[in-house]
Amino acid sequence: MTISHFGAVLLFALFASIVFGITQRSEPRMMARFGAFCFILFVGGTIAASWVMWLIKH
Amino acid sequence: MATNVSAAARAQSSSFPTMVLIAAWLIPGAGHLMLRKWIRGGLLMASILAMFVIGLALKGKIYSPNTGDLLDILNFAGDLGNGLLYILARIFDLGTAAVQVATADYGTKFIVVAGLLNVIAAVDAHSLATGRKRS
């Protein structure tokens, strides 16, 4: 199996966010909100860190 | 009402939360399924199982018990969180291929994180069984 770096980020963020959402909140609505929040933070944080590394290099 | 009464009775039983904890560790999502949280249990099982399988498909490494490098010991502890998945992987000699591609390291991390997430899910199931977490 081959996978792109960004694909790996998306899969990791998806599965980790599902578990975080279910385990860290009590109400189903809040679980979905927290899961979405974690997913955005995972993916957004990775993209931001990538741009920082690009800026450092250039 | 009857469901609440039986749930409270189960919570008072001293061995039930421990059984939930052990089942949740051995089989991802099983703890929530034992507590009749079908959707949560199914999502947890699918997520953790998928991470573990993707990790193996990416040629990730399964760590064996070791007393070497500290990071190797921690990775082994993380792998151990996968419960039966880890035991099956060791029995069938999975995750032992030499790293030949860059994404294999991602695979190793997927397997370790799947184990850590399973531990979080098992503790959550235990908290639900003892009543520490409301629902």
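Here is a tour that starts with the whole of one chain and ends at single residues.

**Before you click**

This is a predicted model, in which local features need pLDDT of at least 70, side-chain atom pairs count only at pLDDT 80 or more, and totals for chains, interfaces and linings use all residues. Residues are numbered from 1 along each chain as its sequence is written, while chains are lettered from A and ligands numbered from 1 in the order in which they are written.

Chain B averages 90, and 89% of its residues score at least 70. For the model as a whole, the scores are ipTM 0.92 and pTM 0.90.

**Stop 1: chain B as a cartoon**

Select chain B and you'll see seven helices and zero strands. Helices here are DSSP runs of H or I with at least four residues, strands are E runs of at least two, and both are numbered from the N terminus. Of the 135 residues in chain B, 42% are buried. Buried means 20 or more other C-beta atoms within 10 Å of the residue's own; exposed means 12 or fewer, partly exposed is in between, and the C-beta atoms are placed from the backbone.

Now think about contacts, meaning pairs of residues whose C-beta atoms, placed from the backbone, lie within 7 Å. Among those in chain B between residues at least 6 apart in sequence, 72% join residues at least 24 apart.

**Stop 2: where the chains meet**

Show both chains. The contact takes 20 residues from chain B and 13 residues from chain A. On the chain B side, helix 4 (38–57) and helix 7 (104–130) each supply at least two residues, and helix 4 gives the most, with eight. What kinds of residue are on that side of chain B? They divide into 13 nonpolar, three polar and four charged. Nonpolar covers Ala, Val, Leu, Ile, Met, Phe, Trp, Tyr, Cys and Pro; charged covers Asp, Glu, Lys and Arg; the others, Gly among them, are polar.

**Stop 3: the largest nonpolar core**

A nonpolar core is a set of buried Ala, Val, Leu, Ile, Met, Phe, Trp, Tyr and Cys residues joined through C-beta atoms within 7 Å. The largest one has 37 residues, and among those touching the most other members are A:Val19, B:Met51 and B:Phe110. Helix 7 of chain B gives the most to this core, with 12 residues.

Zoom in on B:Ala125, another of those with the most core partners. Leaving out residues up to four places away in sequence, B:Ala125 touches B:Val20, B:Leu21, B:Ala24, B:Gly31, B:His32 and B:Leu35.

**Stop 4: B:Ile54**

Next, pick B:Ile54 in helix 4 of chain B. Is B:Ile54 buried or exposed? B:Ile54 is buried because 21 other C-beta atoms lie within 10 Å. Beyond its neighbours within four places in sequence, B:Ile54 is in contact with A:Leu11 and B:Phe110. Draw a C-alpha to C-alpha distance from B:Ile54 to B:Ile111: they are 57 residues apart in sequence and 8.2 Å apart in space.

**Stop 5: two loop residues**

Most residues other than glycine have a negative phi. Select B:Arg36, in the loop between helix 3 (30–34) and helix 4 of chain B: its phi is positive, near 65°. B:Arg36 counts as exposed, with 11 C-beta neighbours inside 10 Å.

Finish at B:Asp93, in the loop between helix 6 and helix 7 of chain B. The phi of B:Asp93 is also positive, near 60°, and B:Asp93 is exposed, with 9 other C-beta atoms within 10 Å.

Terms used
Contact = placed C-beta atoms within 7 Å. pLDDT = per-residue confidence, 0-100.
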